[in-house]
Amino acid sequence: MSVAWAAYRVVAPWLGALAPGVRWFTPQAERSLWRERLGEVSSAGVCDAWIHASSLGEALAVGPLIGELRALEPAARFWLTASTRSGRSRLEALGEPVSLAPLDAPQIVARFFASVRPRRLFLIETELWPHWLLQARAESIPVVALSARLSAGSVREYRRLGEDFRALVSGVSGVLAQSDADAQRWLRLGAPRDRTCVAGNLKNDALPWPASDRGAARGELGLELERPLLILGNVRPGEVRKLARAWGRLPVALRRRWQVVAVPRHPRAVADLKEEARQASAAGGSGDALGAWRWEDRLGVLTRYYAVADAAFVGGSLIAYGGHNPLEPAACGAAVMMGPHHDSQRSGVVALEKRSAIRVLEPGEPIDSALLDWLGDERRLREQGEAARAAIDPLRGVARRTVAQLAAWRLWAGR
């Protein structure tokens, strides 16, 4: 038995015992939902599948998945969980029973299972909590990882839990991975070889579409109708400084030609990012170069901007955040640029690169030169946007393939 596994099994029950008191040290918004963290939920009876999506991004995948599951079993009942409040809010909009995920302590997990009574557990992407898997194994509940992904770092961390954890992973009923690389990493973690295959990324089925009425959609967002639009999507601290400095170095005529909207990854960071951009612009001596930038601080509106954009810079990629999803603007027909740090989006970047549908900055490449070359040729931008849309079409349909495989494994055949 590994030291990490032994320590986890000893500490988890104690954390579970202390968890009720922790509620009073959590933010007010979290406190009101703390009972859900403790597994204290009310269910009307057995549910056919407990579907867990970690956060907001993974929650996007759940709607298309439920649609395909219901196509085979119209009366199926679900229970949805997320680890974050933003993910919970996204799931709640689907109209299914929802709660925050239970903490991974044995008494809490047992309480949650007793209330929800799942027939199956579908885990979206990565989260593997030992006591969830232990409880499912004890109750002979099939566990399947859907849209499964694993980074090399996650494999190293999970393997520290030793053979006991490997035995849990080898006992799952299936792994439907996003890519060949993900499938190989799951196999290294112990996933059953005959039940591990590639089905794609479920989030691709939730990718947006271009606005059907571009003019009206732009009008609703307060945008100019004819002026080309650049979106700085999911930008994060540290990289706004780089973008603002580069923007200030562009020719005035090019800056005036474009309207720019910056949409931070976390809306609460808008004030800090605006100040970061202002200081960078002032230090660069570019005066009011950022005067035409608009900032958006509402949650969940980025895809509306992508739907009417001509070009999009995808953030989280100029600094080692791992990058955000370049397929979202690509699906809308926007030309896409991204920084060199996109490890978590590698498969999407590769799919676009095969169609010459993305401009990826090299490490150390001057951003201003890249922007000048990219934004200065609008005909080439349009061609890149058309190539981006063409690259997305084959990536859709993952939920249908996923449910078909579940049915083939007899893991989704009704009650």
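A residue is called buried here when its relative accessible area is under 20%, exposed when that area is over 50%, and partly exposed in between, as found with a 1.4 Å probe on protein chains only. Helices (H or I, at least four residues) and strands (E, at least two) are DSSP runs, numbered from the N terminus. The model is predicted, so that local features need pLDDT of at least 70 and side-chain atom pairs count only at pLDDT 80 or more, while totals for chains, interfaces and linings use all residues. Residues are numbered from 1 along each chain as its sequence is written, and side-chain values use heavy atoms, with hydrogens and water left out.

Two strands are said to pair if DSSP finds at least two bridges between them. Strand β1 runs parallel to strand β2 (residues 78–82), to which 4 bridges join it, and 4 bridges likewise join β1 to strand β4 (residues 121–124), again in parallel. His 52 has a bridge partner in each of these strands, namely Thr 81 in β2 and Leu 123 in β4.

Rings of Phe, Tyr and Trp (its six-membered ring) pair if their centres lie within 6.5 Å, and planes under 30 degrees apart count as stacked, over 60 as edge-to-face and the rest as tilted. By this rule the count comes to 10 aromatic pairs. One of them, formed by Trp 5 and Phe 165, is tilted, with 6.5 Å centre to centre and 55° between the planes. This pair links distant parts of the chain, as Trp 5 belongs to helix α1 (residues 3–22) and Phe 165 to helix α10 (residues 162–170), 160 residues apart. Trp 5 counts as buried because its relative accessibility is 3%, and Phe 165 is buried with a relative accessible area of 1%. The rings of Trp 247 and Trp 293, by contrast, have planes at 65° and centres 6.3 Å apart, so this pair is edge-to-face.

Charged side chains meet rings as well, where a charge sits over a ring if NZ of Lys or CZ of Arg is within 6 Å of the ring centre and within 35 degrees of the ring normal. The charged end of Arg 236 sits over the ring of Tyr 321, 4.2 Å from its centre.
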